[in-house]
Amino acid sequence: EMCNNNGACRTMSGRVMCPSYRVTADERHVTRGRANALRLAITGQLGADALTSDAMAETMDLCVSCKGCRRECPTGVDMARMKTEFLYQYTKKHGLPLREKLIAYLPRYAGLASSFRALMNLRDQIPGMAKLSELFLGFSAERTLPKWVSPYQGRTTPGEGSIGEVVLLADTFNTNFEPKNLDAARKVLEAAGYKVHHVEAAPGGRALCCGRTFLAAGLVDEAKAEATRTLTALAPYIKRGVPVVGLEPSCLLTLRDEFTVMLPGGETKDLADNAYLFEEFLARENEAGRLTLDLKPIAQKKALLHGHCHQKAFAVMGAVESILGMVPDLEVE
């Protein structure tokens, strides 16, 4: 109903949407085309089972859930959310292939997999293994997989903070693949005078998860379970108004977007209102005059900035530029 066929999604330059259309130039792979296909299927004009057909799956497949349409479509069509609902209906009927299961359930087995990281990393070390993974699992041999490392271990006892408190949300990806990012973020927040909390669902238990990988596979019930688990763990901090700060845009912004849809209520609204990307939080504190960081010049004098699609969709790129601009003698393009 929201799509009025204005065709703004068919632009071939500037902005974000629609990336798949810019590659294929096919109406089927643009927001308007998908919206019309869904409308025809829901109203029965494409047959009784059109909504869960393979043809509809092909129509929705190239939507990369960038959420560009959420912001740039004049009527705010959120095709990423519609794709999640479509996949929910489709997987109920057809099931989920092994490749999609491995991606979706990553947060559930990541802790165990990281314990066997030497074995898990062999795929890109033994000749021929990458080809086998492409043949049997569909992971391209031309692309190396993320490297498993010793997972992030947050401080059990946070340091003293003279300015305030924050929760640093350790997402699945940074926890198991790039924990140095979390260490660096914690050091910056502590240097700025904040008491940084590391929150777990249970001591030594599985890390918190936003449910994004499950949503991307249409496993809405599993995503709700993760959202409930995360919301329960964060509840004491939400009640006290402690900001929740995250590094990964697609994870943190799920707390601001899909959480409010899966678990509508005051608690999720309060979380959404107090969840910030790392650079957003720093920019907010700087504008309020509370940010005191003794920043020094770095060796590089120029930074090329490429924004995450969700950062663009939620209009937070300005915060990234603002914080990078605080680094002395650094030109940001």
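Helices (H or I, at least four residues) and strands (E, at least two) are DSSP runs, numbered from the N terminus. The structure on display is a predicted model, in which local features need pLDDT of at least 70, side-chain atom pairs count only at pLDDT 80 or more, and totals for chains, interfaces and linings use all residues. Residues are numbered from 1 along each chain as its sequence is written, and side-chain values use heavy atoms, with hydrogens and water left out.

**First stop: I103**

Please select I103, which is found in helix α6 (residues 98-104). I103 has a relative accessible area of 37% and is therefore partly exposed; buried means under 20% relative accessible area, exposed over 50%, and partly exposed in between (1.4 Å probe, protein chains only). Leaving aside residues up to four places away in sequence, I103 touches F139 and T213, where contact means heavy atoms within 4.5 Å.

**Second stop: S20**

Next, select S20 in helix α1 (residues 19-24). Is S20 buried or exposed? With a relative accessible area of 8%, S20 is buried. Its contacts, not counting residues up to four places away in sequence, are H29, R34 and L62.

Side chains of opposite charge can pair when their charged atoms come close. A salt bridge is a side-chain nitrogen of Lys or Arg within 4 Å of a carboxyl oxygen of Asp or Glu, and the structure holds 26 salt bridges.

Select R15 and E72, whose side chains meet in a salt bridge (4.0 Å, N to O). R15 lies in the segment before α1 and E72 in helix α4 (residues 68-72), so this pair ties together parts that are 57 residues apart in sequence. R15 counts as partly exposed at 49% relative accessibility, whereas E72, at 15%, counts as buried.

Move on to E27 and R32, which form a salt bridge through their side chains (2.9 Å, N to O). E27 counts as partly exposed at 26% relative accessibility, while R32 counts as buried at 19%.

The side chains of R28 and E58 also meet in a salt bridge (3.5 Å, N to O). This pair links distant parts of the chain, 30 residues apart: R28 is in the loop between α1 and α2 (31-42), and E58 is in helix α3 (residues 54-61). R28 counts as partly exposed at 31% relative accessibility, and E58 counts as partly exposed at 48%.

Select I126, M129, L132, L135 and F136, which form a nonpolar patch on the surface with about 510 Å² of accessible area together. Patches are made of residues with over 30% relative accessible area and no salt bridge, with like charges joined within 9 Å and nonpolar side chains (Val, Leu, Ile, Met, Phe, Trp, Tyr) within 5 Å. Accessible areas come from the Shrake-Rupley method with a 1.4 Å probe; for residues, only the protein chains shown count as cover.

**Fifth stop: a pocket and a cavity**

On a 1 Å grid over the protein atoms alone, a cavity is a set of points where a 1.4 Å probe fits but cannot get out, and a pocket is an open set with protein on both sides within 12 Å along at least five of seven lines; lining residues have an atom within 4 Å of a point. Grid points are joined across faces, edges and corners, and a volume is the space filled by probe spheres set on the points.

The second largest pocket holds about 860 Å³ of space. Of its 29 lining residues, select L247, F278, E279, V320 and L324, which lie nearest its centre. Two or more lining residues come from each of α10 (172-176), α11 (179-191), α17 (278-287) and α19 (317-324). The largest share, five residues, comes from α11.

A search of the whole structure finds four cavities of 30 Å³ or more, and the largest cavity has a volume of about 110 Å³. Finish by selecting D171, T172, C209, C210 and C251, the closest to its centre among the 15 residues that line the largest cavity.
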